[in-house]
Amino acid sequence: MDAKNKKEMTNSNVVVQDAKTGMKLVVRPVFNHAVPKVPTSTVGRYRYRRVVKKLETQGGPPKISAWVDSMRASSPAKSPPSSPERESWMVSHPSALEMFDNIVKASKGKKIVMFLDYDGTLSPIVQDPEKAFMSEEMRATVKEVAKYFPTAIVSGRGKDKVYDFVKLKELYYAGSHGMDIEGPADDKNDKSILCQPANEFLPMINEVYEKLVKKTSSIEGANVESNKFCLSVHFRCVEEKKWPELAEQVKEVLSDYPKLKMTNGRKVLEIKPTIKWDKGNALEFLLESLGFANSKDVLPIYIGDDRTDEDAFKVLQKRKQGFGILVSKFPKETNAAYTLQDPSDVMRFLQRLVEWKQLSPRGYYPRP
């Protein structure tokens, strides 16, 4: 958020207008922590079929064939883990576990702030999105991380739904792709924050949800999920031959709502307001709320597995500060600096971070 738009925060809600987006943000006060400006590694490129440009309903709906192509591109063909393509990709995007010492060296004199996606990062991808449970060991690990570093969950899921999965009150939660942000509250001091830049779209989102549920009910396996300020049409359990029909039904509904746009995730169609707000904006808002808006004393680490997490990776690249870590076993075009293969890798990385911090009150930094 631009400095000239900021208002001094009090114990009551305030409305702040962002000069870049023109949006009004409802904000409640936050705490103050304190503490990089670390250049990220160069983003590598590799030969791989390009993903179809993300579709938006603005300016008229695209052809159904383009929608289906985009649905297929959201789950591209996988290369064998030992393929030359993967080996080349890993040179440009090395494992965050193997590069752990480099990451903690970069944090010297800085405050680490953790940002974590949920599905595919803290929990495995499952057929039924309502059963994407995280393990008790992962929950205990995230709880330990939050003892030492401000920690936020940034997800496309609704904020309340993510909280029901995670069940940790000491975290910051940014649901609906960052359009619904809330921080922890202290019993003695109200340190919570609230940011809902898409609040005016809520009646429209609810209306479209009802229409999509009714419209797609005839397609076996289709599942429409309400995430408060955005919607997800899951097609992981839909036969591929039915995808054109599903795309046609979604198109019919969205054609009456030019203020909503559609993008693709992993076997899911994401429907969001057309406002300029994404996980990258959520990351910047939380850093500013934590007192790190223009600070050189912070090291943000963002771990995520989905295309929507690329918005946050881009922000870290632009800031030349912090690290994006992509969770993937297969080569993907990404703006992340490092990679981890799956949620079990994520847990090992977080556990190592806690162990490193516990070595001494100030942390142990490997020698050059």
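Let's start with helix H4 and helix H10, where H4 passes H10 in a left-handed crossing. This is a predicted model, so please keep that in mind throughout. H4 covers residues 136–148 and H10 covers residues 343–358; they pack at an angle of about 35°, and their axes are 9 Å apart. On the H4 side, the contact is made by Glu137, Met138, Thr141, Val142, Glu144, Val145 and Tyr148. Facing them from H10 are Pro343, Met347, Leu350, Gln351, Val354, Lys357 and Gln358. If you sort that contact by class, you get eight nonpolar, three polar and three charged residues.

Who touches whom here? From H6 we have Val208, Lys211, Leu212 and Lys215, and they meet Gln249, Val250, Glu252, Val253 and Leu254 of H7. The class count for H6 with H7 is five nonpolar, one polar and three charged residues.

Two names from that list, Leu212 and Val250, come back when we turn to the cores. As a general point, nonpolar side chains in soluble globular proteins tend to be buried together. In this model, the largest nonpolar core has 56 residues, and those with the most contacts inside it are Phe115, Ile181, Leu212, Val250 and Ile271. Which element gives the largest share of this core? It is H7, with six residues. Let's zoom in on Val250: once you set aside its neighbours within four places in sequence, Val250 is in contact with Trp67, Leu212, Val233, Met262, Leu269 and Ile271. Apart from this core lies another, of 42 residues, and among them are Val104, Met114, Val346 and Val354.

H8 brings Lys279, Gly280, Leu283, Glu284 and Leu287 to meet Asp311, Ala312, Val315, Leu316 and Arg319 of H9. That contact divides into five nonpolar, one polar and four charged residues.

I'll finish with two single residues for you to click on. Ser192 is found in the loop between strand S6 (180–182) and strand S7 (194–195). Is Ser192 buried or exposed? Buried, with a relative accessible area of 1%. Ser192 and Tyr172 are 20 residues apart in sequence, and their C-alpha atoms are 8.8 Å apart in space.

The other residue is Lys105, in helix H3, residues 100–106. Lys105 counts as partly exposed, because its relative accessibility is 32%. Along the chain, Lys105 and Tyr365 are 260 residues apart, while their C-alpha atoms are separated by 5.6 Å. Thanks, everyone, and over to you!

Definitions and conventions. Residues are numbered from 1 along each chain as its sequence is written. This is a predicted model: local features need pLDDT of at least 70, side-chain atom pairs count only at pLDDT 80 or more; totals for chains, interfaces and linings use all residues. Side-chain values use heavy atoms; hydrogens and water are left out. Contact means heavy atoms within 4.5 Å. Helices (H or I, at least four residues) and strands (E, at least two) are DSSP runs, numbered from the N terminus. Ala, Val, Leu, Ile, Met, Phe, Trp, Tyr, Cys and Pro count as nonpolar, Asp, Glu, Lys and Arg as charged, and the others, Gly among them, as polar. A nonpolar core is a set of buried Ala, Val, Leu, Ile, Met, Phe, Trp, Tyr and Cys residues joined through side-chain atoms within 4.5 Å. Buried means under 20% relative accessible area, exposed over 50%, partly exposed in between (1.4 Å probe, protein chains only). Axes are lines fitted to C-alpha atoms, for helices over the stretch in contact, and angles run from 0 to 180 degrees between N-to-C directions. A crossing is left-handed if the near helix is turned anticlockwise from the far one by less than a right angle, and right-handed if clockwise.
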